[in-house]
Amino acid sequence: MPGEVAEIALMTEGLRLSETPGHAADSTLAAIVERAKQGDIGAFEQVIDCYQRKVMTTAWRMLGNQEDARDAAQEVFLRAYRYLGGFKLDQDFGGWLYRIIVNVCRDHARKRGSPHRFASFEGEREAGTFESLASDEDVEANAIKSQQRALIVEALDTLSAKERTALVLRDLEGLSTEEVARVLGSSQTTVRSQISSARAKIKQYRDRVTRRRG
Amino acid sequence: MNCKRVEELIPLYVGGDIDRRVTAEVQSHLKTCGGCAELAAEYEASRNWLSGASPELDEAMLTDVKRGVMRELRTASSRPGWFELMSAALARALSRPAVAAALLLVVFGALTLWLYLAKPAPPVQVQLTDGGSEQPPRLPDKDEPPGHFKLHRRPTGAGNRHRVTIARSHRGQPGDPASRHVLTQNATAMPEVQPPSAFAVESGGMLRIDIQTGDPNIRIIWFAPKVVDGQQANP
C-alpha cells in the first residue's frame with residue numbers, strides 16, 4: 001500500500017489538483033477517497049500523503065508564511081475529513097479540496113488580521129533550512145532565492161484578498177479561469193477582472209522594486 | 001484596435017485569458033506598436049518573476065502536519081459521544097440490583113406525580129346570544145380571561161338565514177341582554193350545537209358560524225348544514 005500511495009503522489013506531484021493524473025491512479029485515488037469517506041482513517045492518511053504538498057504550497061502562497069500555512073494545512077485536512085461525507089464521488093476531489101483551502105485561508109487571514117510575516121532569510125536560517133548547506137555559493141544562492149520569495153510575498157500583500165486568491169489559483173496553481181470561478185463560486189468575468197487588476201498591481205510592485213535597485 | 005484598448009487587454013493577454021479572436025487582434029497590434037509590445041513584455045516578465053520562487057517545504061514540516069492531523073482524527077474517533085457515555089453509565093448502574101430498584105422507584109414516582117399534576121383543562125363557557133344587527137360581535141380584549149365565549153345569531157340579509165358568531169365575553173359583565181342559551185364545552189373541542197333548537201335555521205342554504213379566537217387576527221369561519229341531527233330545527 002505505501003508503494004501505491006507513493007505512485008499516486010508521484011503522479012499528482014506538480015499537477016493541478018483538478019487534473020486527472022492518469023486513469024489507473026485516478027481510479028485508485030477514487031477508491032482511497034471512497035474508503036476515507038466511509039470513515040477509514042488509514043485511507044484518509046493516504047489522501048494526506050497525496051495532497052499535503054499541494055495544500056501546503058497553496059496555503060503558503062495565500063497566507064505568506066510557513067507557520068500559518070502549516071496551521072491552515074492541518075485545518076484543511078481536518079475540515080476535509082469532517083465534510084467528506086458530503087463529497088460526491090463523481091465530483092472533482094481536487095476542486096473540492098481547493099474550495100476548502102480557500103475557505104480555511106480566508107478564515108485564517110481574517111483571524112490573524114495583522115500584516116504577513118515574511119519568510120526571510122534570517123527566519124529560514126533560524127528554522128534550520130540552511131543547516132545542511134555546505135558552500136558559500138549555496139548560501140548566497142539561497143539567500144537570493146529567499147529574498148525573492150520575501151519580495152513575492154510582499155507583492156502579493158499589495159492585493160486584496162479576492163485578487164490574491166484569484167491570482168494564486170490562476171497563475172501560481174495553474175487552474176483555468178473556469179476552474180478558478182468554480183472554486184471561488186463567482187463568474188468567469190469577475191475572475192478575469194480580479195486577475196487583470198492583480199497582474200497590474202504585481203507589475204507595478206516589481207517596477208518599483210526594480211527602480212529602487214537600479 | 002487602439003493602444004488604450006490593447007493596454008487594457010495586455011494583463012489578460014499575457015495569461016491567455018482572452019478568446020482567440022481578441023488575442024489575434026492584440027497580436028497584430030503588438031507587431032506594429034513598439035510601446036504596447038514593450039508593455040506586454042514587462043507583464044510577461046512580471047508573471048515569470050512571480051512564479052519563479054516556489055515555497056520550499058521541508059519534509060519535517062510535512063510530517064509534522066500529517067502527524068498533527070492523524071493525532072486529532074484518532075483522538076476524535078476514539079472519544080465516545082454523549083449518548084455512548086450516558087448508555088454506558090446507565091448500563092453500569094442497572095447492573096446493580098439496588099441501584100436499578102432505586103431508579104425504577106424514581107421513575108415510577110415521577111410518573112405518578114406527573115399524572116397527578118396533569119389536570120384537565122377548564123371548561124369553556126359558550127353563550128349563545130341573539131345579538132341582532134345593532135350589536136355586532138365584539139373582539140376580545142387583551143385582559144380578557146380565556147375560556148368564555150358568546151354566540152351571536154343575527155339575520156344575514158334576505159330570506160330567513162342567520163349569521164351565528166361566537167365571541168369571547170367579558171368576565172364580571174353580564175351577558176348581552178339578548179342572551180338566550182349558555183352552552184358548556186371543553187376548551188379543546190370545537191363548540192357543538194346543543195340543543196339543536198338553539199341553532200335552528202328557517203330556510204335552505206348553509207349556516208355560517210364565525211368563531212373569533214383569543215388572537216384577534218385569527219377567526220374561524222365554519223359552514224354547517226342547516227339540519228341538525230337529521231331534523232329541521234325551529235328558530
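The legends below describe close-up views of a predicted model.

Residues are numbered from 1 along each chain as its sequence is written, and chains are lettered from A and ligands numbered from 1 in the order in which they are written. Because the model is predicted, local features need pLDDT of at least 70 and side-chain atom pairs count only at pLDDT 80 or more, whereas totals for chains, interfaces and linings use all residues.

View 1. A:Glu179 counts as buried because 23 C-beta neighbours lie inside 10 Å; a residue is buried if 20 or more other C-beta atoms, placed from the backbone, lie within 10 Å of its own, exposed if 12 or fewer, and partly exposed in between. Although 84 residues separate A:Glu179 from A:Gly95 in sequence, their C-alpha atoms are 7.7 Å apart in space.

**View 2. The fold of chain B.** Chain B has six helices and six strands, which follow along the sequence in the pattern α-α-α-α-α-α-β-β-β-β-β-β. Of its 235 residues, 20% count as buried.

**View 3. The side of chain A that touches chain B.** Here 35 residues of chain A are in contact with 29 residues of chain B, contact requiring C-beta atoms, placed from the backbone, within 7 Å. Helices α3 (41-63), α4 (66-83), α7 (136-157), α8 (161-172) and α10 (188-213) of chain A each supply at least two residues of this side, to which α3(A) gives the most, with 10 residues.

Key:
Helices (H or I, at least four residues) and strands (E, at least two) are DSSP runs, numbered from the N terminus. Two residues are in contact if their C-beta atoms, placed from the backbone, lie within 7 Å.
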